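Hello,

Here is the structure I promised to pass on.

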Amino acid sequence: MLVEPVMVAEITVDTAQERGSRHPVRFARLRLDVAVTDVPPFGSGAEPASG
């Protein structure tokens, strides 16, 4: 089932690995100043600097 986005959330992500496991993704805050239409769909944004 697909979901319809209605809010934008800011998250923090640490791509480091420690003892074979990744650090968690953490919720930072809701971005009430940003509309859902201002955010590009997942996978169509900027490419990571390393990968």
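Val6, Met7, Phe27, Leu30 and Leu32 make a nonpolar surface patch of about 600 Å². Patches are made of residues with over 30% relative accessible area and no salt bridge, with like charges joined within 9 Å and nonpolar side chains (Val, Leu, Ile, Met, Phe, Trp, Tyr) within 5 Å; a salt bridge is a side-chain nitrogen of Lys or Arg within 4 Å of a carboxyl oxygen of Asp or Glu. Accessible areas come from the Shrake-Rupley method with a 1.4 Å probe, and for residues only the protein chains shown count as cover.

This is a predicted model, in which local features need pLDDT of at least 70 and side-chain atom pairs count only at pLDDT 80 or more, while totals for chains, interfaces and linings use all residues. Residues are numbered from 1 along each chain as its sequence is written, and side-chain values use heavy atoms, leaving out hydrogens and water.

Valine 6 sits in the segment before strand S1 (9–12). With a relative accessible area of 68%, valine 6 is exposed (over 50%; buried is under 20%, partly exposed in between).

As for the whole chain, 2% of its 51 residues count as buried. There are 0 helices and 4 strands (DSSP runs: H or I of at least four residues, E of at least two, numbered from the N terminus).

The pLDDT (the predictor's confidence in each residue, from 0 to 100) averages 82 over the chain. Confidence is lowest in strand S2 (residues 17–18), at a mean of 72, and highest in strand S4 (residues 26–30), at 94.

Best wishes

Methods. Buried means under 20% relative accessible area, exposed over 50%, partly exposed in between (1.4 Å probe, protein chains only).
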